[in-house]
Amino acid sequence: MAPSFLASLVRHPDPAARRAALRVWDDLTADGRATLLDDPDREVRRSAALCACPHDARLTAALLRDPAVLPEALRRGLLDRADAERFLAEGVHLVELARNPSLPTDLVDRLAVDPDDGVRLAVSLRPELTEARRAAMDFAVAPHARGDVDWVAAGIADQDVLHRAATSAHPLLRRAAARSPHLPPDLLRLLAEDTDILVRTHLAIYHPDTPEEVLMSVYARLGGTFSAWMATGHPRFPRDGLAARYADHPDGIYRQLVVRDPAAEPDLIERLSHDPDVWTRQAAARDPRLPLPRLLEALALPELASSAGANPALPPGEMAVVMDEAGVPA
């Protein structure tokens, strides 16, 4: 939805609509922000305060007294030093504290050597650190951690931010950069050759110009998962020549790709509808090139019925029979 439309919702009678206006907080007028901060609905007021707290120490202090939003306020808000020292002394919510942009440097240094791995990892992602400082820190990155880094997400179209993140030795920063569709060609090439598999997976999902070889490598590694499905839906995912390359491949993950080839013949699609791999059979059952007699057979097979039912070549009369048998009113 257009930011201007969302901004127009600040005085809408429905609180859910007013909460939607918070999505364009930075585009609201001062009057619009003040209206939401004074909203009659508690949840709207609370959410508005979270939007405003990065630049308002008074609001931050108030939010820190609200258990429902304390962690987020501690992560985002403009902190009074006394509050920061109190949480550090109590040893609670230290990961959120370590991510706070306003945390004084000396407190950052103390958290950088905290015994907790998660706290040290949070410090290692701070934007003001040099690469040398990051490299000197002791932290570990989980193999499947996505790379949720606030300052990179906020600068997802900022070329300086993307360059810093994409060229970092820190895998989570590179993973965060790979989630930007705004990567320039040089950074896209750099990340396409990254040894971190999650970096390449993010490129396959988020970037419109991801190279074909990256898309194929993600599909081969993750076939059958949501990320693999996203890769096959990418506009640069190959189509031509897949039948010749993969119709007889020993791995069903690859045989499933044959249906994406516009040159695949109906007899090949029918052959694949009998494939030992059930996912390949289902892919063939959904293909409109599947000969009608086999399509009707597939409609009666439990493992293929749903796929056959979705086949656009299924005759309307057969669709009506299925609906009638299910008791769906005409």
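Serine 47 is partly exposed in this predicted model, because its relative accessible area of 24% falls between the 20% under which a residue counts as buried and the 50% over which a residue counts as exposed. The residue belongs to helix 4, which covers residues 42-52. In sequence, serine 47 stands 10 residues from leucine 37, and the C-alpha atoms of the two are 8.4 Å apart in space.

The chain around this site contains 25 helices and 0 strands. Of its 330 residues, 45% count as buried. Its radius of gyration is 26 Å, whereas a compact globule of 330 residues would have a value near 20 Å. The C-alpha trace extends over about 75 × 50 × 35 Å along the principal axes.

The largest pocket holds about 730 Å³ of space. Its lining consists of 27 residues, and those closest to the pocket centre are Arg75, Arg99, Val149, Asp150 and Trp151. Two or more lining residues come from each of helix 6 (70-76), helix 8 (94-99), helix 10 (117-124) and helix 12 (150-154). Helix 12 provides the largest share of this lining, with 4 residues. By residue class, the lining of the largest pocket comprises 15 nonpolar, 4 polar and 8 charged residues.

The second largest pocket contains about 410 Å³ of space. It has 15 lining residues, and Tyr219, Trp229, Thr232, Gln256 and Arg286 are the ones nearest its centre. At least two lining residues are supplied by each of helix 18 (226-232) and helix 22 (278-285). The largest share here is that of helix 18, which gives 3 residues. The lining of the second largest pocket divides into 8 nonpolar, 5 polar and 2 charged residues.

The structure has 2 aromatic pairs. Tyrosine 219 and phenylalanine 237 are both buried.

Tyrosine 246 and tyrosine 254 also form an aromatic pair, with a centre-to-centre distance of 5.0 Å and an angle of 35 degrees between the planes. The pair is classed as tilted, because planes under 30 degrees apart would count as stacked and those over 60 as edge-to-face. Tyrosine 246 is buried, its relative accessible area being 9%. Tyrosine 254 is likewise buried, with a value of 17%, because the limit for burial is 20%.

A further contact with an aromatic ring involves a charged side chain. Arginine 86 is placed over the face of phenylalanine 87, at a distance of 4.5 Å from the ring centre.

Key: Residues numbered from 1 in each chain as written. Predicted model: local features only at pLDDT ≥ 70, side-chain atom pairs only at ≥ 80, totals over all residues. Heavy atoms only, no water. 1 Å grid on protein atoms, 1.4 Å probe; cavity = no way out; pocket = protein on both sides within 12 Å on 5 of 7 lines; lining within 4 Å. Points joined across faces, edges and corners; volume = space filled by probe spheres on them. Nonpolar A, V, L, I, M, F, W, Y, C, P; charged D, E, K, R; others polar. Phe/Tyr/Trp six-rings, centres within 6.5 Å; stacked < 30°, edge-to-face > 60°. Buried < 20%, exposed > 50% of the residue type's maximum accessible area, 1.4 Å probe, protein only. Lys NZ or Arg CZ within 6 Å of the ring centre and 35° of its normal. Rg over C-alpha atoms; globule rule 2.2 N^0.38 Å.
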